[in-house]
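Dear colleague,

Here is the structure I promised to pass on. My notes on it follow below; please read them alongside the coordinates.

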Amino acid sequence: MIKHYLKVAFRNLVKYKTQSLVSIIGLAVGFTCFALSVLWIRYEMTYDTFHNGADRIYMVRAHYTDSPSSTSNVTPYPLANYLQEKMPEIEATASTSIYRDMKFRLGDNEQEVVMATADSVFMNFFNIRLLKGTVNFLKENDPEIAITEEFARKLFGSEEDALGKEVELSGRPRKIGAIVSGWSRHSNIPYSVLSSARRYPRWSSKGEQLFIRVRAGVDRDTFQKKMEDIDILDIPKESELAKLLITPISALRYSDYVSKVDVVISFSYIFYFSLAGRYIESITVQWQTEPTKMYYLRHLLYEAPFHDCAYKAD
């Protein structure tokens, strides 16, 4: 039976050469478009999923009274302790400030890097390990910094050669005092440098990016509703907070957290590209399963008009 099917298929390929060629190319193009789109979408949707408990990590964002229609990525530093006291669903919090496009100079070599401010809480929250050196870079106002092992190998060839080197960071002299573990490049915060955090205890400050990890089993929608219902008036009057919301760490890439320049292509374009591939596949398969359509098309375009003319002449 299979041999018979193969024989029929081969005969159809030979009989309808043009149609078969179009069908094969169409299927190849459609399947390739769809497969690449699926891989692309999966890649874009898995940013920062490598963190421990990534499905329970959120970034707290805010609306402020002076611009209620826009969403801010920064919040006051005291908000972290306030939320942990008010909401038992929160397991841990960590605050940082992210500085992109920092000028890192070593001799005549200058390049732009991403720097994150850190303290011991931030290090533990994201499981950043100290590999070599000391923790002096965590002390406030200390001139020492830490760089990732990947960045150390790129600049110096080895981690040992990086320790103790004098560099400039945005024009300020710094000393490399530690080597730390880095994150995957598949992150919205691909830091290369860590520096000590400067904390501003006033509610009027707006310089911290606050991350929280909720306890296992907490429903996201219920938790979000509870966040929105927090009585902002209970916070000291110097605060300009109007409303709080949460965004999963894996969803930050398409939430205006990342600059449009860094997002190579819109997610919607990838989706449309995938649909186009599926459409080409479906049209090609439908056309291939009915090979006589080409015959009827030729008959309609070329033979039928002459037949009708001959019939009328008679």
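Phe 104 and Phe 151 are both buried (under 20% relative accessible area with a 1.4 Å probe, protein chains only; over 50% is exposed, in between is partly exposed). This is a predicted model, in which local features need pLDDT of at least 70 and side-chain atom pairs count only at pLDDT 80 or more, while totals for chains, interfaces and linings use all residues. Residues are numbered from 1 along each chain as its sequence is written, and side-chain values use heavy atoms, with hydrogens and water left out.

Aromatic rings. Rings of Phe, Tyr and Trp (its six-membered ring) pair if their centres lie within 6.5 Å; planes under 30 degrees apart are stacked, over 60 edge-to-face and the rest tilted. The count comes to 10 aromatic pairs by this rule. In one of them, the ring centres of Phe 104 and Phe 151 are 5.1 Å apart and the planes stand at 75°, so the pair is edge-to-face. Because Phe 104 belongs to strand β4 (residues 98-106) and Phe 151 to helix α5 (residues 149-156), the pair ties together parts 47 residues apart in sequence. Helices (H or I, at least four residues) and strands (E, at least two) are DSSP runs, numbered from the N terminus. Ring pairs also link Phe 50, Phe 122, Phe 125, Phe 126, Trp 183, Tyr 191 and Phe 211 into a cluster.

Arg 213. The charged end of Arg 213 sits over the ring of Phe 125, 4.7 Å from its centre (the rule: NZ of Lys or CZ of Arg within 6 Å of the ring centre and within 35 degrees of the ring normal). Arg 213 is in strand β11 (residues 209-214) and is buried, at a relative accessible area of 15%. Lys 206 has its charged end over the ring of Tyr 64, 4.3 Å from the centre.

Asp 48. This residue is in the loop between α2 (17-44) and β1 (57-64) and counts as buried at 2% relative accessibility. Its side chain makes a polar contact with that of Ser 187, at 2.7 Å (a pair of N or O atoms within 3.5 Å; within protein, one must be able to donate a hydrogen and the other to accept it, and residues adjacent in sequence count only if both atoms are side-chain atoms). Asp 48 and Ser 250 are 202 residues apart in sequence, with a C-alpha to C-alpha distance of 5.3 Å.

Asp 142. This residue is in the loop between β6 (130-133) and β7 (144-148). A polar atom of the Asp 142 side chain lies 2.9 Å from the backbone nitrogen of Glu 144.

Regards
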